[in-house]
Amino acid sequence: MNLKQQQLQAVTRRHFLAQGSTGIGSLALGALLAENNPTAASTPAKHDAELPPYRLPTKAKSVIFLHMAGSPPQQELFDYKPELIKRNMQPCPDSFLKGRGFPFIKGHPKMLGTPYKFKQYGEEGIWMSELLPNFQKVADEITVIKSMHTDQFNHAPAQLFLYTGSPRFGGASMGSWITYGLGSENKNLPGFMVLLSGGSDPSGGKSLWGSGFLPSVYQGVQCRTTGDPILYVSNPKGINRDVRRRSLDALKSLNEFELKQFGNPETLTRINQYELAFRMQMSVPEAVDLASETKETHELYGTTDGAPSFANNCLLARRMVERGVRYIQLFDYGWDMHGTSKGNDLITGVPKKTKDIDRPLYALISDLKQRGLLDETLVVWSGEFGRTSMNEERNGSKFLGRDHHPHCYTIWMAGGGIKKGFSYGQTDELGYFVAENKTSVRDLQSTILHLTGFEARKFKFPYQGLDQRLIGPADEDHLIKDILA
């Protein structure tokens with residue numbers, strides 16, 4: 001009987017990996033931490049000369065993504081269609097309806113031209129609606145893309161597809177990918193921060209800023225404009241900063257012991273998150289203190305004292321860019337303009353929402369520019385899909401509204417390597433299909449990654465036996481070269 005052989009047979013794979021004399025568990029952990037270091041979120045990014053294979057020279061150091069949750073009607077803002085106006089309330093062409101379904105439109109709908117006037121602005125003559133009197137002033141700073149399309153027509157899947165590359169839950173968000181790749185320039189603030197306005201979370205929920213399979217240190221941190229800027233960042237009653245420091249030191253020792261025993265990289269993430277939270281107690285209140293801004297700045301943005309608003313969040317976004325936060329995501333809820341009531345129709349709902357964003361958008365672009373930050377900050381404005389060229393008229397509603405429309409929609413981009421005063425792509429004369437330079441969500445994701453210094457097809461993370469990518473497993477993306485400066 002060979003006792004040594006019996007002893008080896010009794011050792012489970014788990015014990016072998018944890019206790020084997022070759023230290024396989026420790027070697028694996030070391031490899032993971034070397035390649036995908038969770039501490040990178042609190043350290044400066046490497047110099048371009050030291051970039052890994054998936055990295056490109058960075059054009060944009062930070063991203064501000066402004067999402068109009070619910071999706072604004074492009075026909076009322078940027079996609080001017082005189083022919084659609086001529087055909088207002090005429091029956092929709094059969095070719096638009098055959099073989100196609102809509103979430104809410106029933107029967108044979110009527111075409112719906114915009115009730116608002118359009119003019120061309122800036123040196124290149126970008127079309128904009130009268131609903132954007134302030135934003136018109138920065139027409140020479142933006143690129144408008146009128147040829148976006150998606151394959152999702154419900155809010156949550158479309159939002160998830162845009163931000164995680166999949167219409168299902170579980171993916172890593174764009175902000176997490178970019179923060180994972182770039183790190184942060186400020187060790188006292190999260191690399192990825194989220195700001196909400198409009199009174200509700202977006203339909204896709206917190207998964208839109210989740211880290212998915214990436215280390216959780218890269219998930220977005222939601223910041224609030226009332227109460228604690230970040231939940232639980234303040235000490236509870238009876239606990240001062242010295243007591244908190246001693247508590248964290250004790251907890252760190254326990255976590256380090258667990259890390260040595262089991263080698264789980266998430267344990268190291270947990271240690272770093274506790275330390276970051278401690279530093280944030282000092283840095284976050286200063287970062288979100290709008291009272292320190294001048295009266296002229298508050299007037300520029302149209303901020304409101306003590307109340308959450310899109311204007312306040314735009315000013316906060318500029319402050320975060322100044323402090324080295326890599327990715328700032330703003331969600332503004334309330335853009336689902338179906339025309340089922342006065343609050344979500346084209347006559348009342350759309351003007352109300354555009355008034356909320358018009359001045360802050362102008363202020364954000366002009367403020368970033370005058371501070372020398374626009375060239376290194378990529379600003380993106382988008383919904384999750386478009387709106388139909390027909391009146392929805394759900395259940396006989398007399399209000400004007402538009403249903404969900406995945407076939408075309410409009411976004412704009414500015415700063416960080418983007419052309420100025422440029423219009424890209426076109427829809428057909430009725431604004432129903434893309435007629436020129438069709439641009440997919442994958443194309444947009446690839447272009448944003450390119451501008452922040454990543455080769456989208458090489459930027460991967462191993463998970464469940466696959467090399468996960470923001471752009472998905474198939475090489476369906478195309479860099480939108482024509483919009484690059």
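**Exercise 1.** Which side chain meets that of glutamate 322 in a salt bridge?

*Solution.* The model is predicted: local features require pLDDT of at least 70, side-chain atom pairs count only at pLDDT 80 or more, and totals for chains, interfaces and linings use all residues. Residues are numbered from 1 along each chain as its sequence is written, and side-chain values use heavy atoms, with hydrogens and water left out.

Step 1. Apply the criterion: a salt bridge is a side-chain nitrogen of Lys or Arg within 4 Å of a carboxyl oxygen of Asp or Glu. The partner of glutamate 322 is arginine 371, at 3.2 Å from N to O.

Step 2. Locate the pair. Glutamate 322 belongs to helix α10, whereas arginine 371 lies in the loop between α11 (349–370) and β8 (377–382), 49 residues apart. Helices are DSSP runs of H or I with at least four residues, and strands are runs of E with at least two, numbered from the N terminus.

Step 3. Classify the exposure. Buried means under 20% relative accessible area, exposed over 50%, and partly exposed in between (1.4 Å probe, protein chains only). Glutamate 322 is partly exposed at 36%, and arginine 371 is partly exposed at 33%.

**Exercise 2.** Determine whether arginine 318 and glutamate 293 are buried or exposed.

*Solution.* Step 1. Their side chains form a salt bridge of 2.7 Å, N to O. Arginine 318 sits in helix α10 (residues 310–322) and glutamate 293 in the loop between α8 (265–287) and α9 (295–301).

Step 1. Both arginine 318 and glutamate 293 are buried.
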